[in-house]
Amino acid sequence: MSKFPLLPLLFAIALAFLLQHFLRSLAWAGLLAVITWPLHERLLRRGWSRLASAASLVAVLVVSFMGPTVFLFNTLSNELATVERLLGQINQTGVPAPEWLARVPLVAASALKWWEQHLAQPGGLGTLIQTTAGDFVPFLTGTARTLGATILTQALYLFLAMLTLFILYLHGPAVAHYVDHAGDRLMPKHYPVLRRLLPLSVRGTALGLCSVAILEGVVLGLAYAVAGAPAPVLLGVITGYLALIPGGAPLAFTSVSLLLLGQGHPGPALGLFCWGAFELFLVDKFVRPKLIGQRVNLPFLAVLFGLLGGVSTIGVLGLFIGPFMMAVLFWWLRGAQPDPAPAAPDQHAA
């Protein structure tokens, strides 16, 4: 490092500062390229052109991420129309207080009085909704403005990530050549091993995330069916996609548990929540770290703390960066020996 000129290093730091708002897009493009590069090479070996392979893979990724979102919004719009009709019927007739409300300790009398005044009377629900909505209109307006700007910004970042990924598919070998040249100049002794560890840890993390997402979608989907939740297949698919992000799976089964509780099924709701928490504990603490650690020969706790530390520090990107840093750390702790069996160059392209 001491032989490396200072000026290029300062230039790299200045460039990173200049592109600081787009580093996440570049990082996601690089990670997706590393993860899917074996599939890209397989298509090339089957006679596909680079342009056709790049366009097909980018299209598949976009549809994989955006398709469920569009389907979910379409389903929610239909469900909201059903809820709107149900609320209209309840508002016309009023809804009597449930029997269990009278048995609630301490607040039964005041709760029954409030219910009779606001919900039991015809038109009471509409008045309550109008009053509550009126109080929240300024808040909702400000939130909508912020949310709209955030969605547009994230859409721009997503577009830049997909565009960069497309370019990497087209010119991956050239990009890899420049990266290898810089890595060999900066770290001539350590770069070959780091070059091997990065794709192994990144692909191991991707395998762990996707496998766990499918597992949680299937297992919790079956649990939804046993508990009597509506549309368990749809809810299972949604849970699987949400499981790809930290906190997505608990949000899914907690929401379904609350739905069952609101429908008057406290037993199935409690059972579903307990089963989801138990299954989530097993998956996050044992299954996911095992799937990720076996690719780079990492112990269980190293993968676990790499995942937790990465997510808590830099978000979803930390799911990939944390295990990679742990792999580098344990390589150093084991003596930083040269890699005895480096992988073929085509496994590290892009």
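Reader: Does α6 pass α7 in a left-handed or a right-handed crossing?
Author: The model is predicted, with local features requiring pLDDT of at least 70 and side-chain atom pairs pLDDT 80 or more, while totals for chains, interfaces and linings use all residues. Residues are numbered from 1 along each chain as its sequence is written, and side-chain values use heavy atoms, without hydrogens and water. A crossing is left-handed if the near helix is turned anticlockwise from the far one by less than a right angle, and right-handed if clockwise. Helices here are DSSP runs (H or I, at least four residues), numbered from the N terminus, and the crossing of α6 past α7 is right-handed.

Reader: How is α6 oriented relative to α7?
Author: Axes are lines fitted to C-alpha atoms over the stretch in contact, and angles run from 0 to 180 degrees between N-to-C directions. The axes of α6 (residues 191–227) and α7 (residues 232–242) lie 8 Å apart, at an angle of about 150 degrees. Because angles over 145 degrees count as such, α6 is, relative to α7, roughly antiparallel.

Reader: How many charged residues does the contact of α6 with α7 have?
Author: Contact means heavy atoms within 4.5 Å, and the residues involved include Ala213 and Glu216 of α6 and Pro232 of α7. Asp, Glu, Lys and Arg count as charged, Ala, Val, Leu, Ile, Met, Phe, Trp, Tyr, Cys and Pro as nonpolar, and the others, Gly among them, as polar. Besides six nonpolar and five polar residues, the number of charged residues is one.

Reader: In which hand does α6 pass α11?
Author: The axes of α6 and α11 (residues 318–333) come within 9 Å and cross at roughly 135 degrees. The crossing of α6 past α11 is right-handed.

Note on methods. Helix = DSSP H or I, 4+ residues; strand = E, 2+ residues; numbered from the N terminus. Parallel < 35°, antiparallel > 145°, perpendicular 65-115°, else oblique.
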